[in-house]
Amino acid sequence: GAMQYRAFWKDNGEDYQDIANLQTPVEFQVDWANHTVKVAQTPLSIGSANGTFSFGGTFGSSLFEDSLGLCPVPSFGTVPRGVATACSSDGSLVFTAPDLASGCRNVETIVLGKIVAVNDVTLSSPIPIVNGSAQAPRGKLLVRWTANDARGKSATVDQIVDAVSRPALAAVGAMNLGDRTSAKETSGQMAVVSNTGAGGVMLGTDVALGEIDSVGLVVLRDRDVISGAIISPVVPNASQTAKFGSYIAQTPSAISPPSLPSPSGATLSVTVAVGQSVPLNPGAFGAVTVYSNGKLSLVSGDYAFDSLDLEPNAHLALDKSAGPIRIVVNKNLILRGTYDHTPNTATGFVLGYLGSSPLSVESPFRGTLVAPNATVDLQSLNGLKYEGEFFAASLRTEAGATVVHVPMSCSN
């Protein structure tokens, strides 16, 4: 561009008449990564006097962004495939808008999105994404994002987004659900089960679910009812009397379990005798045993146990008033006790089991159970129910098991 400049005499602190209004060609060097701009050494001539000048600044300066027109228009660049997650099968999906590759820092830019296609079917009326969320079917969505800045500049990009719900039951190995197993949301809608490993999902008879996400084969037997979709790259094998909402031929996205505290090699054992009550502050401990009618009281924070044994009618009191409670058990986990929550909800409690021996859940567990190395067996409990989320290497339920899906922490 051309730089205009003014030359004048100055003598004894007084400005005299202009000599000339001049201009010279200059080269602006822009570093977009570091947000700087500069003019290199440039020749300057005023009559018979010659010299050079240079200067620089940052993009945060209105001089360089606005006056010199160096503020770039919005641009998305390359946008990867995204994931939108809902806390429940009937909840709203939460979207994350893609980052802008360029734009003007001093000018407000608003990014808006709308869903224009679902599972490769174009919608006659796109679904707007409001405050980052929208009610939409699960599966493959085509989202159109538009960035508008205050100068009237805009950019548009299309993104493929996998829409998934948090599952009540999740595995990465095998999943076998026994006869009459059901999984539902607190609203009464049926809930999602997911297996992102190759083992597939095998159902007994009369199973009731909301949706099945599976990388491997899904097998439905007599009178199974799946109210939503089966999302899998493998065509399901269904009995003639089984029903499911639809089949979506794609590989489902995995939902990660909540994080766990770090395990500890502590050796201090804790034993709660029959009828005894013991409070325990967060920390690391060895073998922890609670006998029948004993009560172990925990408060908000992280715990690491070498082993945990909750005997029948043993009470684990969980005071989550100041935040969540997370427990990690390194080995040997026995679950036969009762879980007393304050507040009285299954949210805010995570129990992690790092052992590889099979884990049998023999009482109505309430919370999020994470067993990344083990097979988890949910027993039928004679009509009693589980509440929470269950993540395991492999997972099976016995006949008649009932799971009510309650996420660890979610707002949508």
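Aspartate 120 sits in the loop that links strand E8, residues 109-118, to strand E9, residues 121-129. In this predicted model, the phi angle of aspartate 120 is near 70 degrees, a positive value in a residue that is not glycine. Aspartate 120 counts as exposed because its relative accessibility is 63%, and the cut-off for that word is over 50%.

Arginine 180 also has a positive phi although it is not glycine, with a value near 65 degrees. Arginine 180 belongs to the loop between strand E14, residues 175-177, and strand E15, residues 182-185.

## A parallel sheet of four strands

Four strands form an open sheet in the order E25-E27-E29-E32, and their pairing is parallel. Strand E25 (277-280) and strand E32 (338-342) are the edge strands, each of which pairs on one side only. On average, and with direction ignored, neighbouring strands of this sheet are turned by 20 degrees against each other.

At the E25 side, four bridges connect E25 with strand E27, residues 295-299, and the two run parallel; within E27, lysine 295 is the bridge partner of serine 277. At the E32 side, strand E29, residues 315-319, pairs with E32 in the parallel sense through five bridges, and threonine 338 in E32 is the bridge partner of histidine 315.

Which peptide bond is cis, with omega near -5 degrees? The bond in question runs from threonine 342 to proline 343, and proline 343 lies in the loop between E32 and strand E33, residues 349-353.

## Nonpolar cores

The largest nonpolar core has 57 residues, of which Leu169, Leu296, Ile327, Leu335, Leu351 and Phe365 touch the most other members. Strand E35, residues 366-378, supplies the largest share of this core, namely five residues. Apart from this core lies another one of 19 residues, including Ala86, Phe95, Ala134 and Leu141.

If neighbours within four places in sequence are left aside, leucine 169 is in contact with several residues, among them Met175, Leu177, Val192, Val193 and Ser194. Further contacts of leucine 169, under that condition, include Leu378, Phe390, Leu395, Thr397 and Val403.

Methods: Residues numbered from 1 in each chain as written. Predicted model: local features only at pLDDT ≥ 70, side-chain atom pairs only at ≥ 80, totals over all residues. Heavy atoms only, no water. Pairing = 2+ DSSP bridges. Axes fitted to C-alpha atoms, helices over the stretch in contact; angles between N-to-C directions. Core = buried A, V, L, I, M, F, W, Y, C linked by side-chain atoms within 4.5 Å. Buried < 20%, exposed > 50% of the residue type's maximum accessible area, 1.4 Å probe, protein only. Contact = heavy atoms within 4.5 Å.
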